[in-house]
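Please examine the sequence and the three-dimensional model shown here.

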Amino acid sequence: MRPTKRSACAAAIAVAGIALALAAADAPASGDGATAPKGPSFLDLRRQPPVTGDPQAGKASSAVCSACHGERGIGIAANFPNLAAQPATYLYVQLASFKGGQRSDPIMGPMAASLGEADMRNLAAYYASLPSPPAAEPGATGDLPGGALFNGGDPARGIPPCAGCHGQDGRGPASGGEAGAATPHPPWPTVPRLRGQSGVYVAKALHDFKSGARGNTSNAAIMHGVAGTLEDADIQSLADFVAAK
Ligand code: HEC
Ligand code: HEC
């Protein structure tokens with residue numbers, strides 16, 4: 001039988017399907033079948049040097065990313081994280097860990113697999129250069145229940161102050177200079193800012209850290225310990241607090 005146009009088209013779709021399946025197979029094993037790939041190696045970020053890149057080149061290659069993360073790095077729906085104003089090194093490390101399989105996501109795994117080292121640096125530099133997402137002014141959200149927990153922690157339950165690493169009100173580890181704010185850590189470029197992040201995404205991230213679904217890096221290990229102290233209600237109120245506009 002001669003191949004018809006339709007069967008050629010079906011073959012093309014099948015090839016695309018195989019390519020996607022292969023890309024998915026690069027992601028860390030979720031099952032335990034005999035064919036499951038070996039788990040990704042642990043990524044030790046304690047000596048990660050700050051990352052720089054070319055924001056203009058990043059912008060030029062960001063069209064595919066804007067479909068979900070928005071033209072200005074603000075996610076077009078609540079499940080797509082805002083990337084704007086995150087430290088470039090944090091963004092780079094996330095892309096590298098999606099690519100390396102330490103962090104697994106059915107969308108971002110294949111997305112990052114096609115990025116080279118320079119692409120990741122440039123995209124990270126571009127999103128880092130964009131203005132931060134809209135969020136409430138300092139103090140304006142102070143009476144939300146999550147605010148006290150975020151900035152002060154709960155020593156009786158072993159919950160550390162999130163602000164110790166993520167900055168006062170989640171404005172980022174480099175934002176300690178704001179009036180009244182003091183972060184015990186020096187600016188640390190692999191720690192994300194959280195202020196104005198999507199609450200849906202923040203809650204998902206905390207559940208992923210708690211369950212260990214997001215692991216395999218020294219930084220994720222820190223959050224695994226932190227999230228283990230949180231009840232579902234804490235996660236919701238913390239997410240509401242950082243997302244407050
Ligand atoms: C089809 C939608 C989609 C596209 C296109 C997409 N992303 Fe994502 N991205 C996501 C989702 C969903 C997540 C959250 C994954 C999770 O929950 O762990 C994410 C997470 C990320 C993160 C981690 C953010 C954080 O706060 O930890 C980075 C960085 C990122 N994407 C960069 C990119 C870049 C760069 C591109 C373009 C090359 C891109 N994404 C394209 C959907 C998308
Ligand atoms: C000791 C430092 C430290 C403390 C305390 C801490 N975090 Fe984190 N947090 C980190 C680091 C480092 C990361 C990056 C993890 C990674 O790369 O996977 C992170 C990541 C996150 C993320 C993922 C953000 C994203 O864009 O994907 C969320 C959400 C988060 N932390 C919330 C919290 C909350 C809420 C608290 C307080 C209950 C808290 N953190 C306390 C260091 C800390």
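The paragraphs below lead through this structure step by step.

This is a predicted model, in which local features need pLDDT of at least 70 and side-chain atom pairs count only at pLDDT 80 or more, while totals for chains, interfaces and linings use all residues. Residues are numbered from 1 along each chain as its sequence is written, and chains are lettered from A and ligands numbered from 1 in the order in which they are written.

The protein contains 11 helices and 0 strands; helices (H or I, at least four residues) and strands (E, at least two) are DSSP runs, numbered from the N terminus. Of its 245 residues, 36% are buried. Here a residue is buried if 20 or more other C-beta atoms lie within 10 Å of its own, exposed if 12 or fewer, and partly exposed in between, with C-beta atoms placed from the backbone. Among contacts between residues at least 6 apart in sequence, 68% join residues at least 24 apart; two residues are in contact if their C-beta atoms, placed from the backbone, lie within 7 Å.

Helix packing may be followed from α9. The axes of α9 (residues 199–211) and α11 (residues 232–243) come within 8 Å and cross at roughly 140°. Axes are lines fitted to C-alpha atoms, for helices over the stretch in contact, and angles run from 0 to 180 degrees between N-to-C directions. The angle makes α9 oblique to α11; angles under 35 degrees count as roughly parallel, over 145 as roughly antiparallel, 65 to 115 as roughly perpendicular and the rest as oblique. On the α9 side the contact is made by G199, V202, A203, L206 and H207, and on the α11 side by I235, Q236, A239, D240, V242 and A243. These residues divide into 7 nonpolar, 3 polar and 1 charged, where Ala, Val, Leu, Ile, Met, Phe, Trp, Tyr, Cys and Pro count as nonpolar, Asp, Glu, Lys and Arg as charged, and the others, Gly among them, as polar.

Helix α9 also packs with α10, at an angle of about 95° and with the axes 7 Å apart. That angle makes α9 roughly perpendicular to α10. L206, F209 and K210 of α9 meet A220, M223, H224 and A227 of α10, and the residues of this contact comprise 5 nonpolar, 1 polar and 1 charged.

Helix α11 has a further partner in α7: their axes come within 8 Å and cross at roughly 95°. This makes α7 roughly perpendicular to α11. From α7, P145, G146, G147, L149 and F150 meet D234, S237, L238, D240, F241 and V242 in α11. The contact divides into 6 nonpolar, 3 polar and 2 charged residues.

The ligands come next. Around ligand 1 there are 19 residues, the closest being C65, C68, P81, Q94 and D105; a residue is near a molecule or strand if its C-beta atom, placed from the backbone, lies within 6 Å of it. Helices α3 (63–69), α4 (88–100) and α5 (108–113) each supply at least two residues of this shell, and α3 gives the most, with 5 residues. By class, the shell has 14 nonpolar, 3 polar and 2 charged residues.

Which loop residues deserve a look for their backbone angles? Most residues other than glycine have a negative phi. D169, in the loop between α8 and α9, has a positive phi near 60°, and D169 is buried, with 29 other C-beta atoms within 10 Å. N216, in the loop between α9 and α10, has a positive phi of about 70° although it is not a glycine; with 19 C-beta neighbours inside 10 Å, N216 counts as partly exposed.

P131 is exposed, with 10 other C-beta atoms within 10 Å. Not counting residues up to four places away in sequence, P131 touches A84 and A85. P131 and A85 are 46 residues apart in sequence and 5.7 Å apart in space, C-alpha to C-alpha.
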